[in-house]
Amino acid sequence: MLKIAVIIPTYNRVVLLKRAIESVIAQTYPADEIIVIDDGSTDGTCRLIKDNNYKIDYLYQKNMGVSAARNTGINATKCE
């Protein structure tokens with residue numbers, strides 16, 4: 001059976017990130033893996049992840065842009 005990984009790149013969008021994560025969690029078909037790539041945020045993104053006990057992988061990188069963040073997530077996933 002296919003495994004589903006959801007990769008969420010983010011940069012200073014803490015309010016939208018919470019909504020995105022909750023939307024993924026609420027899906028009928030659950031994701032096997034959720035990876036948030038923080039592309040150098042300075043707005044409390046890290047705190048959101050720590051304070052909410054989400055079952056996700058959180059990776060921080062210096063700001064390199066959305067494409068680099070997506071590639072980081074693709075390289076980090078355990079799904080095919």
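Colleague: Is Cys46 buried, partly exposed or exposed?

Modeller: Cys46 is partly exposed, because its relative accessibility is 30%. Buried means under 20% relative accessible area, exposed over 50%, and partly exposed in between, with a 1.4 Å probe and protein chains only. This is a predicted model, where local features need pLDDT of at least 70, side-chain atom pairs count only at pLDDT 80 or more, and totals for chains, interfaces and linings use all residues. Residues are numbered from 1 along each chain as its sequence is written, and side-chain values use heavy atoms, with hydrogens and water left out.

Colleague: And Cys79, buried or exposed?

Modeller: Cys79 is buried, at 11% relative accessible area.

Colleague: New topic. Which residues of helix 1 are buried?

Modeller: Leu17, Ile21 and Val24. They lie on the same side of helix 1, because they cover an arc of only 65 degrees around the axis. The arc is that of the directions from the helix axis to the C-beta atoms. Helices (H or I, at least four residues) and strands (E, at least two) are DSSP runs, numbered from the N terminus.

Colleague: What is exposed on the other side of helix 1?

Modeller: Val15 and Arg19.

Colleague: What covers the buried residues of helix 1?

Modeller: The cover includes strand 1 (5-10), strand 2 (33-38) and helix 2 (45-51).

Colleague: In what order do the elements of the chain run?

Modeller: From the N terminus on, β-α-β-α-β-α. The protein chain has three helices and three strands.

Technical notes. Contact means heavy atoms within 4.5 Å.
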